[in-house]
Amino acid sequence: MDKKVIRVQNLVSGYDERIVLDDILFEVVEGEILVILGTSGCGKTTLLKHLMGLMQPYSGEIQLLGHDLLKADEKEMLKMMRQIGVLFQNGALLNSITVAENVAIPLEQHTDLSKELIEDLVRLKLSLVGLERAAHALPSELSGGMRKRAALARAIALDPKVLFADEPAAGLDPVTAAALDRLLLNLRDLLGMTLVVVTHEVGSIRRIADRILFLHEGKAVFYGKLSDALKSDIEPVQKFFNA
Ligand SMILES: Nc1ncnc2c1ncn2[C@@H]1O[C@H](COP(=O)(O)OP(=O)(O)OP(=O)(O)O)[C@@H](O)[C@H]1O
């Protein structure tokens, strides 16, 4: 049976009195890529913040990796957070230290591994994203695509079960974006990772999405397989894919 890594039920949330997410319901199965999409301002990033435990909803339930995210105590929360990786839109690398030192940060902060083992793991992560030769470069010396790959290496440093990515291909040219997509697919196919990706790049969606959650005016108007989304006659979904 498919193992549910994330389960969101009847999630209602917003800012102050304004509802941004209204009665959202979906699941993410282990080893799949869920793409959250919808027009600008529809609440994609807000939903991602909920899945990472960064916001409290008005009501609803979120199960993450077998824990009730909204009722978790500090210990459970730490355990969950240790098993998720996050790839921010801007990469968020520290510019004053090398790529390898950036990737080492989570390993230094969250494990008791020796310096030598951390160096080995950093090399391994950098080779996974094709950046072994840039280990000693500063982030400012890299291209945009390389910086994204370095940020990805850091996001997977602790071998997370789930990777959250907010607009990973934003600002990249189509060739570089396609290469980044291949890396995301490798994480799913070679490492069995579960990914939740926010994007509105149609090319990316077609390449990587197993399942789609389409938000529109606060509602989840479509939740299902990519192949069904492409055939959907729900107006905003149809408009999005035919635009
Ligand atoms: N901190 C905040 N305080 C108040 N309103 C906010 C805040 N963050 C987001 N919003 C509002 O909530 C709505 C959803 O924002 P969100 O960033 O989740 O949308 P999005 O789908 O990720 O948008 P985009 O595609 O443009 O990044 C928007 O109307 C936004 O203005």
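**View 1. How β4 and β5 pair up.** Two strands count as paired if DSSP finds at least two bridges between them. In this predicted model, strand β4 (residues 59-64) and β5 meet that mark, pairing in the antiparallel sense over 2 bridges. Look for Leu-64, whose bridge partner in β5 is His-67.

View 2. Step back and you'll find 4 strands in the order β2-β1-β4-β5, with antiparallel pairing. The edges belong to β2 (18-29) and β5 (67-68); each has a single partner strand, so one side of each is left without a neighbour in the sheet. As for what holds such things together, strands of a sheet pair through backbone hydrogen bonds.

**View 3. Who sits around the ligand?** The residues here are Tyr-15, Val-20, Gly-38, Ser-40, Gly-41, Cys-42, Gly-43, Lys-44, Thr-45 and Thr-46. Helix α1 (residues 44-51) gives the most to this shell, with 3 residues. Sorted by class, the shell comes out as 3 nonpolar, 6 polar and 1 charged.

**View 4. Helices α5 and α6, side by side.** Here α5 (residues 144-155) packs against α6 (residues 174-191) at an angle of about 15 degrees, and their axes are 10 Å apart. Angles under 35 degrees count as roughly parallel, so that's what we call α5 relative to α6. The crossing of α5 past α6 is right-handed.

**View 5. Where those two helices touch.** From α5 come Gly-145, Lys-148, Arg-149 and Leu-152, while α6 brings Thr-176, Ala-179, Leu-180 and Leu-183. By class, the residues of this contact split into 4 nonpolar, 2 polar and 2 charged.

Note on methods. Residues numbered from 1 in each chain as written. Predicted model: local features only at pLDDT ≥ 70, side-chain atom pairs only at ≥ 80, totals over all residues. Axes fitted to C-alpha atoms, helices over the stretch in contact; angles between N-to-C directions. Parallel < 35°, antiparallel > 145°, perpendicular 65-115°, else oblique. Left-handed = near helix turned anticlockwise from the far one by under 90°. Contact = placed C-beta atoms within 7 Å. Nonpolar A, V, L, I, M, F, W, Y, C, P; charged D, E, K, R; others polar. Near = placed C-beta within 6 Å.
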